Amino acid sequence: MSNIDWSQMITKAMKDAKAASELLARTQTEIARLRRNADDTIAPLQDAVDLDEATDAEVALLKEWKRYRVALNRLPDQEGYPTDIDWPAPPA
């Protein structure tokens, strides 16, 4: 007769919880990556504005990138996060 160590049993609920945790981690990593890209793009545009050297196009582009960054920050507030996300498109 074999002894079963029930403490080693992995249930469907445990697998689902692990998958949900991994999805959340991947989503947070992707948001952080997109934020870094936005931050890197915003910095020189903001410098130009701060120095009163920005063109009208740069000012407009800065606002678009800031809107995008705000949208990224609000992703966790979306209904269905992190499984169903309406990802914002970066400025062109």
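## Leu-34 and its contacts

Leu-34 touches Tyr-68, Leu-72 and Trp-87, leaving out residues up to four places away in sequence; contact means heavy atoms within 4.5 Å. The model is predicted, so local features need pLDDT of at least 70 and side-chain atom pairs count only at pLDDT 80 or more, while totals for chains, interfaces and linings use all residues. Residues are numbered from 1 along each chain as its sequence is written, and side-chain values use heavy atoms, with hydrogens and water left out.

## Nonpolar core

Leu-34 is one of 12 residues in the largest nonpolar core, whose members also include Ile-31, Ala-38, Ile-42, Trp-65, Tyr-68, Leu-72 and Leu-75. Such a core is a set of buried Ala, Val, Leu, Ile, Met, Phe, Trp, Tyr and Cys residues joined through side-chain atoms within 4.5 Å. Buried means under 20% relative accessible area, exposed over 50%, and partly exposed in between (1.4 Å probe, protein chains only).

Helix 1 (12–50) and helix 2 (56–73) each supply at least two residues of this core. Helix 1 gives the most, with 5 residues. Helices are DSSP runs (H or I, at least four residues), numbered from the N terminus.

## Aromatic pair

How many aromatic pairs does a search of the whole structure find? The search finds 1. Trp-65 and Tyr-68 form this pair, which is edge-to-face, at 5.5 Å centre to centre and 90° between the planes. Rings of Phe, Tyr and Trp (its six-membered ring) pair if their centres lie within 6.5 Å; planes under 30 degrees apart count as stacked, over 60 as edge-to-face and the rest as tilted.

Both residues lie in helix 2, 3 residues apart, or about one turn of the helix. Trp-65 counts as buried because its relative accessibility is 7%. Tyr-68 is also buried, with a relative accessible area of 5%.

## Trp-87

Trp-87 lies in the segment after helix 2. Its relative accessible area is 36%, so Trp-87 is partly exposed. Apart from neighbours within four places in sequence, Trp-87 is in contact with Thr-27, Glu-30, Ile-31, Leu-34 and Leu-75. The C-alpha atoms of Trp-87 and Lys-12 are separated by 29 Å, and these residues are 75 residues apart along the chain.

## Trp-6

Trp-6 is placed in the segment before helix 1. Trp-6 counts as exposed because its relative accessibility is 57%.
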